[in-house]
Amino acid sequence: MAAGLHRAKLPPGFLWGVSTSSYQIEGAVREDGRGPSIWDTYCRRSGRIANGDTGDVACDHYHRYGEDVGLMHQLGVGAYRFSVAWPRVMPAGRGAANEAGLAFYDRLIDALLSAGIEPWLCLYHWDLPQALDDLGGWTNRDCALWFADYAMLIGRRYGDRVKRYATFNEPSVFTLFGYGLRKAAPGISDYTQFLRAVHHVNLAHGAAVDSLRASVASASIGAIHNCQPCRAATRNPDDVLAAQRLDAYWNGAFPDPQLLGRYPASLADAMAPHQQPDDLAQICRPVDWFGLNHYSPHYVTASTENALGIGFGSAPAGVRRSTMGWPVEPDAFRETLIGIHRRYGLPIYVLENGTAAHDAIGADGEVQDQPRIDYLLAYTGSLFEAISAGADVRGYFIWSLLDNFEWGSGYGLRFGLVYVDYATQRRIPKESFRWYGRLIAARRLTNAVSWG
Ligand code: BGC
């Protein structure tokens, strides 16, 4: 691996961080006035979550946030990306705010600041208030206005202490799986509803940027996109076409209108019926950075099982895979970073990268997760290569601080640097936690160490 010998000078102030999201870690779903979210409903009704798991308790972060901030302090990260649960702070999604819910994030933010960790606040990591879904959720154009009001509430409340805001986490994922393929909340599979949701989420992004600019002095704003190469799983022309279709949607349907003011050409006709004049100007608001989540490439097949004609295949033989079956291809990470840099010209923050395993506590009480360290070593190598090749990358955040509720996989897959014993809620830093801590400390000292 060329990266093993690589030396990269990181930009001054390069941020090392970790990420989490509200529904995946907080628990306390019925406490202090929180309203239900679409994930509470989906977990109960869909029958699609492994082991019947729910986010009811998760990592109990709502009560244990102090300990979790302590772990981040020990790790040495400069930043923590978390999301606010919209139904915790506005139980019905619009109208009255919930003071007890708002106060939780006050406590979290203050603890982070006291520990010298910069809070990065994401407004939306998939837990839409159920009351809004009852009104059509993202298929209802008004949802963009409700989101703008919610963003204003957040900006006014935390803007004195929080400067970094992301509007959405991975809109391509939650619209496709939630409205196109019935694989995530709210569990719809309808092509027209899906396209409407895509457009309304884009409108909501633009409206939220306006709310945050109006309510937060010196705000630094972006959105978080999951960009992955979409490769045909075989040479079959139908698979090749399906891969192109997914690519336009997955990598283009959100960043292109938000940053270039247009939908990808191949989607323009499908999106047209859902647009009103001036919508694209409303969506394309100046932002400060591009948030990138990246894990691995997609291998795509044609499918007749859904209106999109898209199936997710497996990587060809010879491609290395993680425990959870995702391809391990660090070169794709480097190429993605360079491609985004060229296309959008914004500073990039990698806000998720990491890998899952079925980690377990050993006889000595430690959690050895060498495969995760190998993955992170390879991917940070590619990160350094991309920076050396000119990509303007300013930060790197690992998914995730803690093992947590991994959506459809429930608690079966562990992404954390810290192992969570769900029976006792005991946190056990894994070997990768120590590895990341050493990386951060070494980089802080030299900013140009040899790596390998
Ligand atoms: C999401 C996380 C998720 C992670 C691993 C990303 O798509 O933002 O919520 O846990 O990937 O699947």
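How many of the five residues of strand β1 (residues 15-19) are buried? Five of the five are, so β1 is largely enclosed by the rest of the structure. Buried here means under 20% relative accessible area, with exposed set at over 50% and partly exposed in between, using a 1.4 Å probe and protein chains only. Strands are DSSP runs of E with at least two residues, while helices are runs of H or I with at least four, and both are numbered from the N terminus.

Before we go further, a word on the model. It is a predicted one, in which local features need pLDDT of at least 70 and side-chain atom pairs count only at pLDDT 80 or more, while totals for chains, interfaces and linings use all residues. Residues are numbered from 1 along each chain as its sequence is written, and side-chain values use heavy atoms, leaving out hydrogens and water.

Let's stay with β1 for a moment. In a regular strand the side chains alternate between the two faces of the sheet. Both faces of β1 are covered: on one side L15, G17 and S19 are buried, and on the other W16 and V18 are too. β1 runs parallel to β11 (393-399), and five bridges join these two strands. If you look at W16, you will find Y396 as its bridge partner in β11. β1 also pairs in the parallel sense with strand β2 (residues 79-83), this time over three bridges. There, V18 stands opposite Y80 of β2. Pairing of two strands requires at least two bridges found between them by DSSP.

A cis peptide bond joins W399 and S400, with omega about 15°. The loop between β11 and β12 also holds W407, a residue that has a positive phi of about 45° although it is not a glycine. W407 is buried, its relative accessible area being 9%. R414 is found in this loop between β11 and β12 as well, and R414 is buried with a relative accessible area of 10%. Setting aside residues up to four places away in sequence, R414 touches T355, A356, A357, D359, R372, D403, Y419, V420, Y422 and K430; contact means heavy atoms within 4.5 Å. For a sense of scale, R414 and G206 are 208 residues apart in sequence and 34 Å apart in space, C-alpha to C-alpha.

E170 lies in the loop between β4 (164-169) and α8. Phi of E170 is near 50°, a positive value in a residue other than glycine, and E170 is buried, with a relative accessible area of 6%. Helix α8 itself has 10 of its 10 residues buried, so it is largely enclosed by the rest of the structure. After α8 comes R182, whose phi is positive, near 50°.

How does α8 sit against its neighbour, and at roughly what angle do the axes of α8 and α9 cross? The axes of α8 (residues 171-180) and α9 (residues 191-215) come within 9 Å and cross at roughly 150°. These axes are lines fitted to C-alpha atoms, for helices over the stretch in contact, and angles run from 0 to 180 degrees between N-to-C directions. The two helices are therefore roughly antiparallel to each other, given that angles over 145 degrees count as roughly antiparallel, under 35 as roughly parallel, 65 to 115 as roughly perpendicular and the rest as oblique. P171, F174, T175, L176, Y179 and G180 of α8 make the contact with F194, A197, V198 and V201 of α9. By type, the contact residues divide into eight nonpolar, two polar and no charged. In that scheme Ala, Val, Leu, Ile, Met, Phe, Trp, Tyr, Cys and Pro are nonpolar, Asp, Glu, Lys and Arg are charged, and the others, Gly among them, are polar. The loop between α8 and α9 contains P186, and the peptide bond from A185 to P186 is cis, with omega near 10°.

Finally, have a look at an open sheet of three strands, with order β6-β8-β9 and mixed pairing. Its edge strands are β6 (230-232) and β9 (310-312), each pairing on one side only. The twist averages 45° from one strand to the next. β6 runs parallel to strand β8 (residues 298-302), joined by three bridges, and A232 has V300 as its bridge partner in β8.
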